[in-house]
Amino acid sequence: MPCFERNASVGSMATSLTLVESNVQEEFFTRGWTDGLPIIPPTPERINAMLITGGVEGDKVVGMVPERSRAISAEKAAINAVMAGCEPKHFPVVLAAINAMCDPAFGCNTVLTSTGGAALCVAISGPSLEDLGFNATRNALGPGHRANATVGRAMRLVAMNVLGARSDYLDGSSLGHPGKYTMLVAEEPPPEQWDPLRVELGFREEETTVTLLATEGPHQVSNQLNGTAEGILASLASAMTNPTTYGVGKGHQVLLVLGYEHRRILVESGWSKRAIQEHLVEASRVTPSYLEDAGIVMEHTTQNDMTPDADGKLATVRTPEDIFLITAGSPGAGWSAYIPTWAPTVHSEAVTKVVQFNTSGSNKSNEGAQ
Amino acid sequence: MSLITVLNPEYEEDNQRHVSMATRRELIEPVTIAVIDNSKPHAKELLTYVAEGLRDYLPVDEIIVHSKPSAGKPIDADEAEMLAARAHLIISGLGD
């Protein structure tokens, strides 16, 4: 097996390997450095291009996970972003998402370890997503777009390679799901009556933000024949109260991706985003017997005290802010998607960070990745 | 045969701070045992059972239970200090 070298000539803190080019993929597979798919070889030139575009020095720490005694350097982030297939212009997005992942509120150590097997789901909101190559319209949650596919993949590779989230080490997922390869939702600009996600969360219209959630896979919400807002909301609430979703009745967060027809009907019926969120908080409350009928046992532990409130019900989402509404998808028959976080907020909360684009093109520090 | 240089994507431990285990101390009798309940179902019962079992080997005076709000989060420095002040022996566990 080829040996590592510490090679100052490549200007790197990381060790390097010199390989026969045709052996690179097998070498990376053998060492467990990939997600099972081939990678782009992380050469010093490609990594340097990432760092320059990101405006960050390679030795800068861009995230820490104290529970794992691990720090993520910009260089290691760049190596994994190259491997994922990111273009350099997407590296600032990756850095912001790493920043979110390492925020204590996100609970990164738990998210990456849990038997529940959560995805690192990136929801991106910004004024120029199309220019950056992100797809928010047809097949918004599906394949076919490099930016969507590779930014999410970079997050998983960082988790695997830098933070040790691998099946043979610190990832205890019983099943996992395909969103663990990559998961990114880009926001289609909402109808003019609604604010985009970033503005709703208190950021400026001209900023680009990433919101990171630890999630299950997307659940399609079909309602194609009921043209009323009430009917669509009832379908969303029904999706949100699947009793076998772990966080139902325990207070988790959800990302709702409102498809074209559903958002059009809701807007035309005069529903604001806030009114939808408030409605769904109430409509997703469930009784213990509703859960028990599905075989669920009530927990009364410090992390999940399922003692009903005064109305005899349990909250699935406790506040309107726990529902992240995002618009995406092309005209079709009437589809939305419900993406629940994998566990209650006591374990992990969604975190939003601003993407710091390096407008000078020089290699300066990236303030958003502190 | 063309050669290519690639960089290691894994965490490298150069800058990791290595810590050694705390000095083992002799138990002061009678013993107070603290159990750290990680908040998963049955964790408290299981660990308390283990602590009760130690009564056969040690002069146990008291068993105290400290419950964390989330299995995923470590106890903080204040909690650690409080437990160190109150207990002679602490049992914790990891699991589902």
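I started with Ala97(A): leaving aside neighbours within four places in sequence, Ala97(A) is in contact with Val122(A), Met155(A), Val210(A) and Leu212(A). For contact I use C-beta atoms, placed from the backbone, that lie within 7 Å. Before going on, I note that this is a predicted model, where local features need pLDDT of at least 70, side-chain atom pairs count only at pLDDT 80 or more, and totals for chains, interfaces and linings use all residues. Residues are numbered from 1 along each chain as its sequence is written, while chains are lettered from A and ligands numbered from 1 in the order in which they are written.

Which residues have the most contacts inside the largest nonpolar core? I found Ala97(A) in that list, together with Val94(A), Val122(A), Val185(A), Leu212(A) and Leu255(A), in a core of 103 residues. Helix H4 (residues 91-101) of chain A gives the largest share of this core, nine residues. Another core, of eight residues, lies apart from it and has Ile33(B), Ala34(B), Leu47(B) and Ala51(B) among them. A nonpolar core here is a set of buried Ala, Val, Leu, Ile, Met, Phe, Trp, Tyr and Cys residues joined through C-beta atoms within 7 Å. Buried takes 20 or more other C-beta atoms within 10 Å of a residue's own, exposed 12 or fewer, and partly exposed is in between. Helices (H or I, at least four residues) and strands (E, at least two) are DSSP runs, numbered from the N terminus.

Next I checked helix H3 (residues 74-84) of chain A and helix H6 (residues 146-161) of chain A, whose axes come within 8 Å and cross at roughly 130 degrees. The axes are lines fitted to C-alpha atoms, for helices over the stretch in contact, and angles run from 0 to 180 degrees between N-to-C directions. H3(A) and H6(A) are therefore oblique to each other; under 35 degrees would be roughly parallel, over 145 roughly antiparallel, 65 to 115 roughly perpendicular, and the rest is oblique. I see Ala77(A), Asn80(A), Ala81(A), Met83(A) and Ala84(A) of H3(A) making the contact with H6(A) residues, including Thr150(A), Arg153(A) and Leu157(A). The contact residues divide into seven nonpolar, three polar and one charged. In that count Ala, Val, Leu, Ile, Met, Phe, Trp, Tyr, Cys and Pro are nonpolar, Asp, Glu, Lys and Arg charged, and the others, Gly among them, polar.

**Chain A meets chain B.** How many residues does each chain put into the contact? I get 40 residues from chain A and 26 residues from chain B. On the chain A side, S1(A) gives the most, with five residues. That side divides into 18 nonpolar, 17 polar and five charged.

Most residues other than glycine have a negative phi, and most peptide bonds are trans. I looked for exceptions. Glu29(B) and Pro30(B) are joined by a cis peptide bond, with omega about -5 degrees. Pro30(B) sits in the loop between strand S1 (3-7) and strand S2 (31-37) of chain B. Asn139(A) has a positive phi, near 60 degrees, and is partly exposed, with 13 other C-beta atoms within 10 Å. His42(B) also has a positive phi, about 75 degrees, and counts as exposed with 11 C-beta neighbours inside 10 Å.

Terms used:
Two residues are in contact if their C-beta atoms, placed from the backbone, lie within 7 Å.
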